Amino acid sequence: MNKIAVIGAGKTGRGFVGRLLCEDNKEIVFIDKDVELVETLNRDGSFQISFFGSKREEFTVDGFKAYTWETVDGTVSEGGMSIFDEVELILVSVCGPNLRDVGKELQKRLNPEKHYYIITCENYSHPSEILKEAIGMENISVSEATCTFSSLFFSYITRRPSKRRFSL
């Protein structure tokens, strides 16, 4: 399993899930509705994860691509496939109330001929049921992982968006 889509490039999607995938040398595709964030991620090409209390060395997440829903639509790989035809797993971390909207966006883009494996990474009640219902397709398997953090916070080193850092 190499190419994995992470929907939601916020604190959990980028700062936790993205780091774990990068540590395991996976090819990461972030999809987020925040145009400025997507542009910053693509321009900078990497971001730093700092760990609370300096228990670990900073970690650099790189080698990813980032898209908005609009830009992912027109993206075709070298092999002529869409992003969603290439991914082997979709991880969703968007905050529970946004799951229905994400489901509707996925429904427009998922290939009915391919089976998709999706994992919600949320701290929310029944996120896999909500997402599966919103997608409304039979060719998906949706599971859930509960993500809770007592010390995850987002800090700015400077006011420039390109200097965003996470502390865990």
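The protein chain comprises six helices and 10 strands. The model is a predicted one. Of the 168 residues in the protein chain, 46% are buried. The accessible surface of the chain amounts to about 9100 Å², and carbon and sulfur atoms account for 47% of that surface. When contacts between residues at least 6 apart in sequence are considered, 66% of them join residues at least 24 apart.

Helix H6 spans residues 127-135, and its buried residues are Pro127, Ser128, Ile130, Leu131, Ala134 and Ile135. These residues lie on the same side of H6, because the arc that they cover around the axis is only 160°. The spacing of such residues follows from helix geometry: an α-helix has 3.6 residues a turn, so residues three or four places apart point the same way. On the face of H6 turned away from the buried side, Glu129 and Glu133 are exposed. The cover over the buried residues of H6 includes strand E6 (89-92), helix H5 (99-109), strand E7 and strand E8 (140-146). Just after H6, Gly136 adopts a positive phi of about 65°.

Strand E7 covers residues 116-122 and contains Thr120. Thr120 has a relative accessibility of 0% and therefore counts as buried. With neighbours within four places in sequence set aside, Thr120 is in contact with Val92, Leu99, Pro127, Ser128, Leu131, Val142, Ser143, Glu144 and Ala145. Among these contacts of Thr120, Pro127, Ser128 and Leu131 also belong to the buried residues of H6.

The structure contains four aromatic pairs. One of them is formed by Phe30 and Phe47, whose rings are tilted, with 6.3 Å centre to centre and 55° between the planes. Phe30 belongs to strand E2 (residues 27-31) and Phe47 to strand E3 (residues 46-50), so this pair ties together parts that are 17 residues apart in sequence. Both Phe30 and Phe47 are buried. A further pair, between Trp69 and Phe84, is stacked, at 6.4 Å centre to centre and 15° between the planes. Trp69 and Phe84 are both buried.

One aromatic cluster is made up of Phe30, Phe47 and Phe64. Phe47 also has a charged residue over its ring: Arg14 lies over the face of Phe47, at 5.3 Å from the ring centre.

Cysteine residues were also examined. Zero disulfides are found in a search of the whole structure. Cys95 has a relative accessible area of 48% and is therefore partly exposed, since the class of exposed residues begins over 50%. Cys121 has a relative accessible area of 7% and so is buried.

Methods: Residues numbered from 1 in each chain as written. Predicted model: local features only at pLDDT ≥ 70, side-chain atom pairs only at ≥ 80, totals over all residues. Heavy atoms only, no water. Phe/Tyr/Trp six-rings, centres within 6.5 Å; stacked < 30°, edge-to-face > 60°. Helix = DSSP H or I, 4+ residues; strand = E, 2+ residues; numbered from the N terminus. Buried < 20%, exposed > 50% of the residue type's maximum accessible area, 1.4 Å probe, protein only. Lys NZ or Arg CZ within 6 Å of the ring centre and 35° of its normal. Contact = heavy atoms within 4.5 Å. Areas by Shrake-Rupley, 256 points an atom, 1.4 Å probe, with all protein chains shown as cover. Arc of directions from axis to C-beta. Disulfide = S-S within 2.5 Å.
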